Amino acid sequence: PFMRNVSDAIVVGGGPSGSFAALNLAKLGAKVTVFEEHGEIGVPSHCAGHLSIKGLEFLGLYPLPEKIVENTFCGVHFYSPKDKRFSVRFSAPVTCVVNRVLFDKHVAEMAEKAGVCYCLDSRVESLIVEDGFVKGVIINQSGKNKEEFLARIVVDAEGVSSRILRQAGLLGLDRNRLVSAVQAEVENVEGVEPDMVEVFLGKDYAPGFYAWLIPKHDGEAKVGLAAETGNPKELLQRLILKHPVASRKLGTAKILKAAFHPIPLGGPISKTYSDGFLAVGDTASQVKPTTGGGIVFGM
């Protein structure tokens, strides 16, 4: 029957921002449905998952289950283009690195326990707009069936694509303010301090942005960079093999897997809502926080 397709709120996207929004809506008594275009929450993962502990605590998400946290950090080493080092260290951990697949699943499970309904393999094709008011969404399920779902509000947590955002008549992502990023999992890393993140600056390796090395354990680490120009894959190889500091740590490293994604740097969008519509997370803010600093869900 048609009534089964009616919710108080529809959330577009099952990433951390979408799941956290759904969780809090459910806590307020709303009937919430999350539509996620992929077949599994957290997959594919394409970011480092380096988060502020204080930020997580503020959101009520810390401490996390042990299996999710891969390491904690008391500070960061910054390396200038001329390999001068500047370090900031605190007496206690200030950031953590999480397994993003497990972290995403954890927040989604919290939402499900609060009563949120998840629909996987469900791509939001378009908004349903009547008289300028967003009334719901049209879903393409498993690439086969299209169906209408209605709600009192649609929460857009689709990420950087801004496709649905523009359908709501809001200003989308500034495509001129994107940098291309690569994030890799590596093993056989040497000479790193286990409780310190490393950040490498310089246009020869990460023009317009920076590179990072985030130790995990037993010689494993997360390594990545973003750049305004150049090929991220080639730049990562250059960092690993040529950088005077990074190469000593990564010269014998083996890349286990790598993922590529854009990072938006355009700042918060001027308006995040319209009638029956709200944008959250990366969809609403075109600022990707630094790997070295860490605002929750920004990595």
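This report describes the fold, strand pairing, cysteines and backbone features of a predicted model.

## Overall build

The protein has six helices and 19 strands. Its radius of gyration is 20 Å, close to the 19 Å that the globule rule gives for 299 residues, so the protein is as compact as a globular protein of that length. Along the principal axes, the C-alpha atoms fill a box of roughly 65 × 40 × 35 Å.

Of the 299 residues, 49% are buried. The exposed surface comes to about 14200 Å². Carbon and sulfur atoms supply 53% of that surface. Contacts reach across the sequence: among those with a separation of 6 or more, 66% join residues 24 or more positions apart.

Strand 4 and strand 7 (residues 95-98) run antiparallel and are joined by four bridges. Within this pair, Thr72 has Cys96 of strand 7 as its bridge partner. Strands of a sheet pair through backbone hydrogen bonds, in either a parallel or an antiparallel sense.

## Strand 5 and its two partners

Strand 5 (residues 75-79) has four of its five residues buried, so it is largely enclosed by the rest of the structure. Strand 5 pairs with strand 6 (residues 85-89) in the antiparallel sense, over five bridges. Tyr79 has Arg85 of strand 6 as its bridge partner.

Strand 5 also pairs with strand 13 (residues 196-200), again over five bridges, but here the strands run parallel. In this pairing, the partner of His77 is Glu198 in strand 13.

## Two hairpins

Strand 5 and strand 6 form a hairpin with five residues between them. Asp83 lies in the loop between these strands. The phi of Asp83 is near 70°, a positive value in a residue other than glycine. Asp83 counts as partly exposed because its relative accessibility is 28%.

Strand 9 (residues 122-130) and strand 10 (residues 133-141) make another hairpin, with two residues between the strands. They pair in the antiparallel sense over eight bridges. Ile128 has Gly136 of strand 10 as its bridge partner. In this hairpin, Asp131 takes a positive phi near 55°.

## Cysteines without a disulfide

The disulfide count is zero. A disulfide is a covalent bond between the sulfur atoms of two cysteines. The sulfur of Cys47 has its closest cysteine sulfur in Cys96, 12 Å away, which is too far for a bond. For Cys96, the closest cysteine sulfur is in turn that of Cys47, also at 12 Å and too far for a bond.

Both residues are buried. Cys47 has a relative accessible area of 8%. Cys96 stands at 0% relative accessibility. Cys96 is also the bridge partner of Thr72, in strand 7.

## Loops and backbone features

One joins Val43 and Pro44, with omega about 0°. Pro44 lies in the loop between strand 2 (32-35) and strand 3. Another joins Tyr62 and Pro63, with omega about 5°. Pro63 is placed in the loop between helix 2 (53-58) and strand 4.

Asp218 is not a glycine, yet it has a positive phi of about 50°. This residue sits in the loop between strand 14 (211-215) and strand 15 (221-227). Is Asp218 buried or exposed? Asp218 is exposed, with a relative accessible area of 75%.

Ser162 also lies in a loop, between strand 11 (145-156) and helix 4 (163-167). Ser162 is buried, with a relative accessible area of 2%. Leaving aside neighbours within four places in sequence, Ser162 is in contact with Gly172 and Leu173.

Technical notes. Residues numbered from 1 in each chain as written. Predicted model: local features only at pLDDT ≥ 70, side-chain atom pairs only at ≥ 80, totals over all residues. Heavy atoms only, no water. Pairing = 2+ DSSP bridges. Buried < 20%, exposed > 50% of the residue type's maximum accessible area, 1.4 Å probe, protein only. Contact = heavy atoms within 4.5 Å. Rg over C-alpha atoms; globule rule 2.2 N^0.38 Å. Areas by Shrake-Rupley, 256 points an atom, 1.4 Å probe, with all protein chains shown as cover. Disulfide = S-S within 2.5 Å.
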